[in-house]
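Hi,

Here is the structure I promised to pass on. Please have a look at it, and then read on for some notes on what turned up.

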Amino acid sequence: MEDAAAFKAFLMKQDGPNLYEPLSRLLVRVMDEQPHSAAEMLDELLEELRSGSGSRSGPRGDREPPQRAAMERLAELQKPLFTKPEDPQEVDTPLPNVSKISFYLEQAGVGLGQVETFRISLAIRQLVESEALPRCRLWGKILGTRGSYIVVEAEYRDGEQDDEPDPEEEDEPGQDEQGPDSQDHEGLPQPAYRPPPAVPREAVGTGANRFMYYVCSEPGLPWVKLPPVTPAQVTAARSIYKLFTGNLDSPVVSYPPFPGNEANYLRAQIARISAGTHVSPQGFYQLGEDEACEPNPDFEDVQPALMCDLSAWVHHMPHILQQGRCTWANLSGKRGDDSNEEGEAEEEEEEPEEMGPQLLTPLSLDAEMFGVPPWTCRLSSTLVPQHAVAVLRSNLWPGAHAYASGKKFENFYVGWGLKYCGGGGFSPQAPPPPQTEYPEGPELAEVPDPSLEDEQALRDALEERHLSPGLDEDDDEEDDEDDEDN
């Protein structure tokens, strides 16, 4: 040890060239970059020393790691989160207790870590103060390839309407609209296909748009409000299997084409996950006058050991139908009326109304998919079951969890935002069969080419008719006599 200290002091002496700092920088760069040829790096460092451009500020010189620079920029953005609130004595607050929820989730083996959870709670406080939300909660976190989304679920204010128009209603053509080139194609056959009417979007505060959602990539970055979801987006999201990138403006390149960007795709997946995995202990909610779930004031504590049965959990979010809505929309009156050209009344076939599972349906009635049970329920601790927490995990939406302890329960999601598609992997939808180019009929049927004998016989018949003018004169005289008689 004494020899090493003496050698270090010799390298750091000031009366001559200081070799300790350049050698330290060289070793650090070799360990960080791990080049194939360290000798070349030594030559570069010696050249910097000869030219006098080498930095002596520290062992790493003036080279700053890019990850450290990004962390410092993020820390600057997160500084406002640590300011003290103006009214800390407020009791009735819409701010959720994220730290307490994280404590129960950690017992269930789920969570984001204490540091990130605390920063998220500060970011939610900033969101509540800036947007004046009546109530909100931490929905979860959806992972992406280049960034993730922290999702917050909030209620709409009384009488609040969304300013964003329904894109499906704007793009729906009228019945008399034939396109810009309709005058240039008069007399030509028109296609008989008429697109089906667009399914209208559910109003804010109802169905799949019951809540509004805010997302951000990191605590401290601006919150972005997601647009309401449309039935076409939900239907298209069911047919594709695509990871998120972390950029809300990135296009969703898929087949079938998705009507929107990643923000719309994220909102559609949130609606599907919420409808399928948001559950509660049986008896916590009851149906109100408008067939909506409302808290039951007479709900009593339930032991966690009894919550390990799937019949003790129920769905309290409405099911999304195949139409892409939670409530059925009758579209029979919106179809075109171009089939009654002769005025004959034709009875239009009404589509059968689709009915989904009722609210507060037990989880024990959920169907299996791909031979996998939809739910797995367990206790957080079998050694101390008296203080354990009942944990519920979804197998169809990996990452969706729920816990219950006494009168408290919570739903939380952390995952990639994709549904389980079986052991064989996802199979994309096949393209539709090609359309027919023209209507088939006898007037368009192709006839076989005549043979040489048929062509010669037709040529002889035409020559005989041309060489017998008397036959034509007799026909003309008969036509004149018929005209005189008339």
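A residue counts as buried under 20% relative accessible area, as exposed over 50%, and as partly exposed in between. Please keep in mind that this is a predicted model.

Let me start with the aromatic rings. A search of the whole structure finds 13 aromatic pairs. One of them joins F103 and Y104 edge-to-face, at 5.5 Å centre to centre and with 70° between the planes. F103 has a relative accessible area of 48%, so F103 is partly exposed, while Y104 counts as buried at 15%.

Another pair, W139 with Y413, is tilted, with 5.6 Å centre to centre and 40° between the planes. W139 belongs to strand β1 and Y413 to strand β12 (residues 408–415), so this pair ties together parts that are 274 residues apart in sequence. W139 is buried, with a relative accessible area of 1%, and Y413 is buried too, at 2%. You will also find one aromatic cluster formed by Y149, F244, F258 and Y265.

Now for the backbone. The peptide bond from Y255 to P256 is cis, its omega being near 0°. P256 sits in the loop between α8 (231–238) and α9 (262–277).

Two residues other than glycine have a positive phi: A132, near 55°, and L360, near 65°. A132 is in the loop between α6 (114–131) and β1 (136–142), and is exposed, with a relative accessible area of 53%. L360 lies in the loop between β8 (313–315) and β9 (375–379).

Enjoy exploring!

Best wishes

Technical notes
Residues are numbered from 1 along each chain as its sequence is written. This is a predicted model: local features need pLDDT of at least 70, side-chain atom pairs count only at pLDDT 80 or more; totals for chains, interfaces and linings use all residues. Side-chain values use heavy atoms; hydrogens and water are left out. Helices (H or I, at least four residues) and strands (E, at least two) are DSSP runs, numbered from the N terminus. Buried means under 20% relative accessible area, exposed over 50%, partly exposed in between (1.4 Å probe, protein chains only). Rings of Phe, Tyr and Trp (its six-membered ring) pair if their centres lie within 6.5 Å; planes under 30 degrees apart count as stacked, over 60 as edge-to-face and the rest as tilted.
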